[in-house]
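Trainee: I have a model open and some terms to sort out. Can we go through them one by one?
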Amino acid sequence: MPYIIGGEVLFWVLLLGGLAVRYLLGGRLISTLLLIATPVVDVVIIAFTYIDLVGSPSSDFSHGLAAFYVGFSVIFGPDIIRRLDRRFARRYSKRPGNHVPSPPQRSSLAEWYRCLVASAITVALLLVGIGVAGWSDSFWLIYWLIVVVFTAATWAVLGPVREGLRTRRSSRSSHDQAPPPGQ
């Protein structure tokens, strides 16, 4: 588990350091290198996870957590970086008016599709872990497979399904309040 926590800390150090160098110190090249290094953290985390699985008698909670973290970080990490970059640009940019375009808006269905891709990556990483550890020593990796399925299902219910119900309700209520044709 220390490598996951260390990786998360390193991710934020690289991210915030890269943005600080870019906007506070004006070092575009160094900041770009720091920001490009953030995905390397994911590779290191998963590599340490598999190395640890080889030397462990069986999987533990942290091995599955690492796969889950990396799977979702790969898909949602770039958005986190872009959003923070926009915030730093608005606050510290030397451009007149600090005009920085707003982030694109995604529907909850599009976000759920991204969750499905992150879940698929996580499942693949967990299956590799099961292959490394062996089926009989993979209780926690199997546990995390269940967590991934539950996460995607919950995201669907809280995202696109709920949005669809709200849309139907609001269209029904606005349809009921509309004056009859011809008035």
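Trainee: Which residues does His63 touch, not counting residues up to four places away in sequence?

Mentor: His63 touches Tyr3, Thr49, Asp52, Leu53, Ser56, Ser58 and Leu141. Contact means heavy atoms within 4.5 Å. This is a predicted model: local features need pLDDT of at least 70, side-chain atom pairs count only at pLDDT 80 or more, and totals for chains, interfaces and linings use all residues. Residues are numbered from 1 along each chain as its sequence is written, and side-chain values use heavy atoms, with hydrogens and water left out.

Trainee: Why is His63 called buried?

Mentor: Buried means under 20% relative accessible area (1.4 Å probe, protein chains only). His63 has 0%, so the residue is buried.

Trainee: What makes the pair of His63 and Asp52 a polar contact?

Mentor: The definition asks for N or O atoms within 3.5 Å, one able to donate a hydrogen and the other to accept it. The two side chains make such a contact at 2.7 Å.

Trainee: What lines the largest cavity?

Mentor: His63 is one of the lining residues, and Thr49, Leu53 and Leu141 are among them too. A lining residue has an atom within 4 Å of a cavity point; on a 1 Å grid over the protein atoms alone, a cavity is a set of points where a 1.4 Å probe fits but cannot get out. The volume of the largest cavity is about 30 Å³.

Terms used:
Buried means under 20% relative accessible area, exposed over 50%, partly exposed in between (1.4 Å probe, protein chains only). On a 1 Å grid over the protein atoms alone, a cavity is a set of points where a 1.4 Å probe fits but cannot get out, and a pocket is an open set with protein on both sides within 12 Å along at least five of seven lines; lining residues have an atom within 4 Å of a point. Grid points are joined across faces, edges and corners, and a volume is the space filled by probe spheres set on the points.
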